[in-house]
Amino acid sequence: MNFLRGVMGGPSAGPQPSGAETIQKLCDRVASSTLLDDRRDAVRALKSLSKKYRLEVGIQAMEHLVRVLQTDRSDSEIIGYALDTLYNVISNDLEEEEQDDSEEENSPKQVDDLGSQFTEIFIKQQENVTLLLTLVEEFDFHVRWPGVKLLTSLLKQQGPQVQQIILVSPMGVSRLMDLLADSREVIRNDGVLLLQQLTKSNAAIQKIVAFENAFERLLDIITEEGNSDGGIVVEDCLILLQNLLKNNNSNQNFFKEGSYIQRMKPWFEVGDDNCGWSAQKVTNLHLMLQLVRVLVSPTNPPGATSSCQKAMFHCGLLQQLCTILMATGVPADILTETINTVSEVIRGCQMNQDYFASVNAPSNPPRPAIVVLLMSMVNERQPFVLRCAVLYCFQCFLYKNQKGQGEIVSTLLPSTIDGNSVSAGQLLCGGLFSTDSLSNWCAAVALAHALQENATLKEQLLRVQLATSIGNPPVSLLQQCTNILSQGSKVQTRVGLLMLLCTWLSNCSIAVTHFLHNPANIPFLTGQIAENLGEEEQLVQGLCALLLGISIYYNDNSLENYRKEKLKQLIEKRIGRENFIEKLGFISKHELYSRAAQKPQPSFSSPDHMMFDHEFTKLVKELEGVISKAIYKSSEEDKKEEEVKKTLEQHDNIVTHYKKVIREQDQELEELKQQVNTLKSQNEQLQTTVTQQVSQIQQHKDQYNLLKVQLGKDNQHHNSHSDTVQMNGIQVEEVSKLKEELEEWKNKHELLQGQLREKDSLIEKLKPLQLETGTEQSSQTSKSSGLEHNNELQKELEMLRTQIQLQSAEISKLQAENQKLQVMNTSADPALGDSSATAAKNLELEGRLVQEVKELKSEVKALSEEKASLKQHLDSSNSTVAILQDEKSKLQQEVAESKKEQDDLLVLLADQDQKLSALKNKLKDLGVPVEDEDDIESGDQADEDEDGDEEEQD
C-alpha cells in the first residue's frame, strides 16, 4: 500500500517514479491483482491520472480497462471508474485538460487528433461498443451516466463508424431510447445529447428513433420544461427534432400523421408584454421556427409540404405565427425568422395565402399585414435581413396565386386607386423610383412576381399611368422604367428594372409592341450592348441583350419599323451576332446568378450581392437558348417556323380538345359511379332498416305472446282468489251454467213432446185406414204389405215412447238438481256480498289487462303497417337500382363507343405525328430549331399540374 500512498500523494522516501512508470505499475496491478479492492483502487488511481497523463493512460491502460468492463460487471464502482477513465482519455474537452502555457497554441489540433486516434483504437473491436451499449442499460447511476458520456464522445470523434456499429447491434438504438424515460434529469439530458450525435446524417437511425416514439417523448420534455421559456434542455430537444425531420420525408410524414404539428401551437403563444426576452428564450423560439420551416421547406416533396401547410392552418399554428408577426416588442431576429417561417407556410397554398391576405395589423385604422410589411421593405432604415425576409414573404404570397397577383396589380390601376389609404401598389411604385437602390431592386422584383406567368396582368399593367411632376402629362409605368434606365442610375437599380422588364415582356406580344413603340428604347439597348465596359457593367449588358432578344422572339411584327427581320439586321450591323450571344451568356456565367438559382429564399451576405432573383434565373434558363437560335434564323425560316407553329397550335388545340372531352367523360363516369355507389349504400341501409324492423316486430310479437301467457296466469290467480266466494265446491258461474243447461233441456223436452203428439195423431189417423184396407183388399200381396207397414209404425212408436220416458226422467233429475242449486245459491249470497272488495280488485286487474292487450294489438298493427311501407320503399329502391343498372350498361356502351372514337383519333394523331415529324425533319434540315415532343409533353404536364393545384385550392 506504500506504492498507492505514493501515487495518491502520501509521504514517501526515495526518488519519485515518473508518470509513465506509475501508470505501468497501476496497469500491472489491474491485470494481476486477485482482490477486487486492489483492482478498484488501481482503476481509481488511473482515473485521477488520466487527465494529466492522457496519452500514457490511453496507450497503456485502455486494454486493461476494457477487460475490467468485461469481467467485473458485478461491481458498479469499478465499472464507473473504468468508464470515467476511458471518457477522460477519449474526450476532447479542453476545459479538463491541464496544458502548460507553452503548449496552449498547438493544443486544439493535437487534442483533436489524440481523441480521434483513441476512439479509432477503441471501436476497432466492435464488441467494445456492444459492451458499452449493455452497460448503458444498467440502472445504476455510477454506471449509466459515464457510459452515456463515453458513448457520446465516441460518436463525436468517429460518428459514421460508431453509428454503423450501433445500427447492426441487436436492439442497439432501442436501448439508447430508454434514456429519455429515465427519471434522473442528468441522464435524460445527456441522453438527448447522445441521440443528437447518433442521428446526425443517418436516415436509417433517424427512422428507427422516430418509430421508437421519440417525437412523443421529446415533445413531452419540451412541455414539462416550459416550452419556449424552458432552459437549454428545450434547445437540445429541438436540435434533436431537427435532426430527425430535416431531409427525411418518412419522418416528416410520420410527424404529420401522428398529429404532432398540433402540439407545436403552444410554443408560439406570446403574451402582450414582450419586453426583456432572455437569450435562451430567443434561442428556443428561433429553433422552434426553424423546425416549422423544416416541415414546409420548398425542397420537400410538394405533396408533403402541402399537407403540412394545411395541417398548420387547421390547427391554428399559422394564425399564431401571424400574431407574433404583428406583435410589438418582439426581438428583431425572431421577427425576421417569423416572417421567413410564415412565408414558407403560405407558399403555394391558396388557403393559407387567402388567410394571410386577410390579416390586419393592430393599427388605427387597421392596415393589411402585406402593406405593413411592404412599408418595411422599402424603408432603407430597416435592417437588411428584415427587408430580405419581407421580400421573400411577398414572393411566397404571390407564388402560384393568381388571385393575389390580381389584387396587387389592381391597386395600381386608375379605376381602383384609393387616395385616402396607402396600397401595396403605391408602395411598390414608390420603392421602384426612390433614391435607395436596394428599395428599387426589391420593388422591381416584387412587381415582377406579381406578373409571373400571368399574361392578363401584364396587359393590364400597361394601363398604369404615373404623374411625374406638376404640369407634365402622366407617363406609363413601362415608359418610366425605360426612362430611369436611360438616366444611368446605379447598377443594382438597373439590374432590378431590367429583370422587371424582361419578366413583363416575356410571353406578352402586346407589351413588346408597347415597348417598341418608344423609338428611344432599341437604340439605347443596342448602344449598351455594343459598348465595351467594365466587369460591373457586363451584367447590365447581358440583361440588355436578353431584353432585346425577348423583343425579337415575342414580336408579332405589328410595327413595320421594328419587325423581327429588321431588328436582327440591326443587331448584325451594330453589335454582331457572336458578340450579342457572348453578352447574353454573361448572365448565366455570373457567380451571383448561380447562388440565386440554388433556392427560392433570397439570402445575401451584403446588399451589394443582391442582384438576381430565383424565379428570374428560371426565366433566363428558359429563354437563353431560344433567343440564341432566333437570332440566327432567316426571314424564310421565320415564315416556315410560323407556319409550323400554326400547325402545332392547331394540333395542340385538337389534342387539347380531345383531352378535354376525355376528361369530361371521365368526370361523368366518376360521378355516375359515385351515384351508383351511393344508391347501393342507400339500398343496403334500407335493407338493414327492414331487417331491423322485422326483428323488432318479432320482438313485439314475442312480448305480446308473453303478456298473453302472463294474462292467462293472472286469470288463474284471479280464479284462485275467487275460491273464497264458493260454497261446497260450487261457484256462482257454475250455477249460471247449470241454469242455462236446464233451460236447454226444457226446450228439448217441449220439442220432443210436440213430436210425440204429431206421431200420436198420425197413428190415430192410420188405425181406421188399416181397418178399411183389411176388409176391402183380398189379395195376399196387399195384406202382407199393410201388415209390414203397420209393424214398422208400431216399432217407431215404441221407440219414441222409450225416448220420451228417458227424457222425462232426465228432466226430473235436472229439476231436482236445480232446486238444490237454488237453495245453495240463496245460502251463498251473504258470502258473496262480503267478498265484493276482492271482486272489484279482480275486475280492475282484468280491465288493465284488457287495456294492455288492446295497446299491444294497436302496436302490432302499427308495426305491420310500417313493415308494409318499408317493403314498398324497398321495392321502389330495387326498381331504382334496376334503372341505374340499365343506365350503367348504357354508359358502358357509350364508353366503348368513345374508346372506339379515341382509337380512331389515335390513328389520326399518329398520322398527324408522322406529318409533323416529316415537317420537323425538313425544318431541322433547314437549320430551324424545333421543340421536341418531350418539351411539349412536359409543358402539357406542367399545365395539368397547375390545373390540378387550382382545383385542389378551390
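## A residue in helix H36

Thr617 sits in helix H36. The model that places it there is predicted. Is Thr617 buried or exposed? Thr617 counts as buried, because its relative accessibility is 4% and the cut-off for buried is under 20%.

Which residues does Thr617 touch, leaving aside those up to four places away in sequence? The partners are Tyr593, Ala596, Ala597 and Phe612.

H22 supplies the largest share, three residues.

The cavity holds about 60 Å³ of space. Its lining is made of Arg347, Tyr392, Gln395, Cys396, Tyr399, His449, Pro600, Asp613, His614 and Glu615. By class, four of the lining residues are nonpolar, three are polar and three are charged. The structure as a whole has nine cavities of 30 Å³ or more.

## A covered helix

Helix H21 runs over residues 369-377. How many of its nine residues are buried? Seven are, and the helix is mostly covered. The buried residues are Ala369, Ile370, Val371, Leu373, Leu374, Ser376 and Met377.

An α-helix has 3.6 residues a turn, so residues three or four places apart point the same way.

## The whole chain

The protein chain has 954 residues, and 42% of them count as buried. Its secondary structure comprises 41 helices and four strands.

Take the contacts between residues at least 6 apart in sequence: 72% of them join residues at least 24 apart. The chain exposes about 51,700 Å². Carbon and sulfur atoms supply 50% of that area.

## Confidence in the model

How confident is the prediction, by mean pLDDT? The mean for the protein chain is 81. A pLDDT of 70 or more is reached by 77% of the residues.

One is residues 94-107, where the pLDDT is below 50. Beyond near neighbours in sequence, this stretch has 11 contacts in the model. The other is residues 825-836, again with pLDDT below 50. Here the model shows six contacts beyond near neighbours in sequence.

How values were computed: Residues numbered from 1 in each chain as written. Predicted model: local features only at pLDDT ≥ 70, side-chain atom pairs only at ≥ 80, totals over all residues. Heavy atoms only, no water. pLDDT = per-residue confidence, 0-100. Contact = heavy atoms within 4.5 Å. 1 Å grid on protein atoms, 1.4 Å probe; cavity = no way out; pocket = protein on both sides within 12 Å on 5 of 7 lines; lining within 4 Å. Points joined across faces, edges and corners; volume = space filled by probe spheres on them. Helix = DSSP H or I, 4+ residues; strand = E, 2+ residues; numbered from the N terminus. Nonpolar A, V, L, I, M, F, W, Y, C, P; charged D, E, K, R; others polar. Buried < 20%, exposed > 50% of the residue type's maximum accessible area, 1.4 Å probe, protein only. Areas by Shrake-Rupley, 256 points an atom, 1.4 Å probe, with all protein chains shown as cover.
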